[in-house]
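Dear colleague,

I am handing over the structure below, together with an account of what was found in it. Please keep it open beside this message as you read.

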Amino acid sequence: MVKAFVVILAAAVSGCTTVVIDEYHRTPGELAEGDSVVILGRRHSSEYETEPDLIDCVGRSLHNPDRGVRIIPEQHFVDALYPWFEPRTAPLHLKSLDRLMQNEKVRERLEAYGIKYIVWIDGSTETTASAGSIGCSIGTGGAGCFGFGTWDKESDYEAAVWDFRDQELSGKLAADAKGTSYMPAIVVPIPLIARVQKNACKGMAAQLEQFLLPEQETKS
Amino acid sequence: MALMKKGLSAAVKATLLVTAMLVTACTHTVQVDGEYPQPVGDQYPLTVGFYLSDDFSRFTYHEDSEDRDEWNISTGPAQRNLFATVLGSMFTEAIPLTSYPQDLPENVELVIVPEVRELQFTMPRETRVNIFEVWIKYDMHAYDNQGAQVANWVITAYGKTPTAFLKSQEAALAQAIDIALRDAGATLYTGFDRVPELQALVASKQRAISMQEQPAAEAGDTTD
């Protein structure tokens, strides 16, 4: 009974998250039949790494072939174009992409995938503060934990949408998310986790969908 | 007396067992096995033999310093796969050599032999940044078909991976090494003709090919 109560309580209550999305559109998105989009993480910074699971999450949230959004998985794309989209070699600017397109085999491969947009996501989620402590002990009578822990997480991501065919920047958007997680422990630790990265992912995916399918959005 | 000896032997065994357990508890083993894609792009117009020695194919980095736990990191199979794939596809013809310098095929213009010079890594608690980082340095040697040295160059590869919830140190380090190996492959392919001696070799081969093609094209024109 107590266990069931704890499980329900943990599922019902979770840490709070605030997400702020800023966006800038230069040209409206236009996806024709057979077009595809690739979402890639920036990995050139030495201080952080755009998490592959965040890229995967945005890709999975956006992928909807019935609505005309075909997302190529990041690893599949990076493997298919090896070694041109590795952290050291990936084009940082549109001019570098233009130079890369002079390589006939790379251009053919990209065209074969029907790439219309390349979305670069740059940023990371970090733990900014933590406090409290939890102690656990095991004795002959049983085991238990007591204490309270809390930590803050902050996500800061920026997405740049490159139009591969027109070789131009189509738009930019930024997602900032903050959240505090709590872990009270009275015999059993009860994690109340703020899903900061997940919410940043959902926010970005929703904005990218609006950008990629502007007509369908206004119709609905 | 016999009972006492038996008890003493059991105590020694138990102590040894506990010590062994404590020692192995601080030993980390990382095995990297990766498959790598072929590079997309033009092939260098050379017939190249490449020799991946046993030391290279079974390379294991061992570290046992006072500041760190004991680490055994085996990158041999993965780096063998990487170099075999990249070297095997970046030239018009590539021949894997089982021995060198013996039994060298006659048509080979260049022989490439890589060696590991150095491997380094850092853990998040050492750098206070939430990433695992790996550096691998390769010494690359190129010889002509007579065994004379044509070029020596160094490839420095870097890989990093963020810490992840429920991911072990070993898994994170293996992932960082995998990224570093991909980086080594990228540098090998894109940096090959930036080595002056190799650039000259590729250029002279391209000139020879275009001179061979020119008379053939001219002969074709006259027959038309």
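A word on terms comes before the findings: two strands are said to pair if DSSP finds at least two bridges between them, and helices (H or I, at least four residues) and strands (E, at least two) are DSSP runs, numbered from the N terminus. The model is predicted, so that local features need pLDDT of at least 70 and side-chain atom pairs count only at pLDDT 80 or more, while totals for chains, interfaces and linings use all residues. Residues are numbered from 1 along each chain as its sequence is written, and chains are lettered from A and ligands numbered from 1 in the order in which they are written.

Chain A as a whole

The secondary structure of chain A consists of seven helices and six strands, and from the N terminus on they follow the order α-β-β-α-β-α-α-α-β-β-β-α-α. The radius of gyration of chain A, taken over C-alpha atoms, is 22 Å, whereas a compact globule of 220 residues would have one near 17 Å (the globule rule is 2.2 Å times the number of residues to the power 0.38). Along the principal axes, the C-alpha atoms of chain A fill a box of roughly 70 × 40 × 25 Å. Of the 220 residues in chain A, 30% are buried, a residue being buried if 20 or more other C-beta atoms, placed from the backbone, lie within 10 Å of its own.

The sheet of chain B

In chain B, five strands form an open sheet of mixed pairing, in the order E5-E2-E6-E7-E8. Its edge strands are E5 (91-97) and E8 of chain B, each of which pairs on one side only, and the twist averages 30° from one strand to the next.

E6(B) and E7(B) run antiparallel and are joined by eleven bridges; here Val113(B) stands opposite His141(B) in E7(B). Strand E7 (residues 131-143) of chain B also pairs with E8(B), in the antiparallel sense and over 13 bridges, where Met140(B) has Trp153(B) as its bridge partner and Phe132(B) stands opposite Thr161(B). The hairpin of E7(B) and E8(B) has five residues between the strands, and in it Gly147(B) takes a positive phi near 90°.

Helix H5 of chain B

H5(B) packs on the sheet, touching E6, E7 and E8 of chain B, and its direction makes about 145° with that of E8(B) (axes are lines fitted to C-alpha atoms, for helices over the stretch in contact, and angles run from 0 to 180 degrees between N-to-C directions). Because 18 of its 23 residues are buried, H5(B) is largely enclosed by the rest of the structure.

Where the chains meet

In the interface, 17 residues of chain B are in contact with 17 residues of chain A, contact meaning that the C-beta atoms of two residues, placed from the backbone, lie within 7 Å. On the side of chain B that touches chain A, the elements that give two or more residues are strand E8 (149-162) and helix H5 (169-191) of chain B, and the largest share, six residues, comes from H5(B).

With kind regards

How values were computed:
Buried ≥ 20, exposed ≤ 12 C-beta atoms within 10 Å, placed from the backbone.
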